[in-house]
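This report describes a protein chain strand by strand and then turns to its side chains. The sequence and the structure come first.

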Amino acid sequence: QVQLVESGGGLVQPGGSLRLSCAASGSIFRVNSMGWYRQVPGKERELVARIRSGGITNYADSVKGRFTISKDNAKNTVYLQMNSLKPEDTAVFYCNLNVLQIIGGVVEVWGQGTLVTVSS
């Protein structure tokens, strides 16, 4: 079993910054990729950013230049630094890991979600 614990969401004014964290624990042999998605009511969950085991990153066009994804391999933790936040960034953010377990093969795991609200 692999568990994810997210933290760092909250209320921020437009133009402000937040950093999200997602720590993984459990039966992890190797983390293949880590990512952040977001969802607003009535819309599909969308990819915000992803980082692969080799460090290659990709971002949604809407966040390029404002958000930065990073990871700490020793802690199995992924971060999302969000700067210059806009009201349209308001959403529930979910972390997502693709993990090779010690026993049980590859699994895709989702965090519980953390609400980010950008408002004055």
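How many bridges join strand 4 to strand 5? The model is a predicted one, and in it six bridges join these two strands, which run antiparallel. Along this pairing, W36 stands opposite A49 in strand 5. Strand 4 and strand 5 form a hairpin with six residues between them. Within that turn, G42 has a positive phi of about 85 degrees.

**Strand 4 and its other partner**

Strand 4 also pairs with strand 9, and here ten bridges join the two strands in the antiparallel sense. V31 has V99 in strand 9 as its bridge partner. Nine of the twelve residues of strand 4 are buried, so this strand is largely enclosed by the rest of the structure.

Strand 9 also contains Q101. Is Q101 buried or exposed? Its relative accessibility is 11%, and because buried means under 20%, Q101 counts as buried. Leaving out residues up to four places away in sequence, Q101 touches Q1, V2, S27, F29 and V107.

An open sheet of four strands has the order 1-3-8-7, and its pairing is antiparallel. Which strands stand at the edges? Strand 1 and strand 7 do, each with a single partner strand, so one side of each is left without a neighbour in the sheet. From one strand to the next, the twist averages 15 degrees. Strand 3 and strand 8 pair over six bridges in the antiparallel sense. In this pairing, L20 has L80 of strand 8 as its bridge partner.

**Nonpolar core**

In soluble globular proteins, nonpolar side chains tend to be buried together. The largest nonpolar core of this model has 30 residues. W36, V78, L80, M82, F93 and L97 are those with the most contacts inside it. Which strands each supply at least two residues of this core? They are strand 1 (2-7), strand 3 (18-26), strand 4 (28-39), strand 5 (46-52), strand 7 (67-72), strand 8 (77-82), strand 9 (91-101) and strand 11 (114-118). Strand 9 gives the most to this core, with five residues.

F93 illustrates the packing. With neighbours within four places in sequence set aside, F93 is in contact with E6, L20, W36, Y37, R38, V48, F67, L80, M82, G113, T114 and V116. Among these contacts are W36, L80 and M82, which are also listed with F93 among the core residues with the most contacts.

A pair of aromatic rings is described by the distance of the centres and the angle of the planes. A search of the whole structure finds one aromatic pair. The ring centres of Y37 and W110 are 5.0 Å apart and the planes are at 65 degrees, so the pair is edge-to-face. Y37 belongs to strand 4 and W110 to strand 10 (residues 106-110), so the pair links distant parts of the chain, 73 residues apart. Y37 counts as buried, with 16% relative accessibility, whereas W110 is partly exposed, with a relative accessible area of 35%.

R45 lies over the face of W110, at 4.7 Å from the ring centre. The charged end of R45 also sits over the ring of Y94, 3.7 Å from the centre of that ring.

**Loops and the end of the chain**

N76 is found in the loop between strand 7 and strand 8, and its phi is about 50 degrees. S84 is found in the loop between strand 8 and strand 9, and its phi is also positive, at about 50 degrees.

S120 is found in the segment after strand 11.

The table gives the relative accessibility of residues discussed here.

| Residue | Relative accessibility | Class |
|---|---|---|
| Q101 | 11% | buried |
| Y37 | 16% | buried |
| W110 | 35% | partly exposed |
| S84 | 42% | partly exposed |
| S120 | 84% | exposed |

Conventions. Residues numbered from 1 in each chain as written. Predicted model: local features only at pLDDT ≥ 70, side-chain atom pairs only at ≥ 80, totals over all residues. Heavy atoms only, no water. Core = buried A, V, L, I, M, F, W, Y, C linked by side-chain atoms within 4.5 Å. Buried < 20%, exposed > 50% of the residue type's maximum accessible area, 1.4 Å probe, protein only. Contact = heavy atoms within 4.5 Å. Phe/Tyr/Trp six-rings, centres within 6.5 Å; stacked < 30°, edge-to-face > 60°. Lys NZ or Arg CZ within 6 Å of the ring centre and 35° of its normal. Pairing = 2+ DSSP bridges. Axes fitted to C-alpha atoms, helices over the stretch in contact; angles between N-to-C directions.
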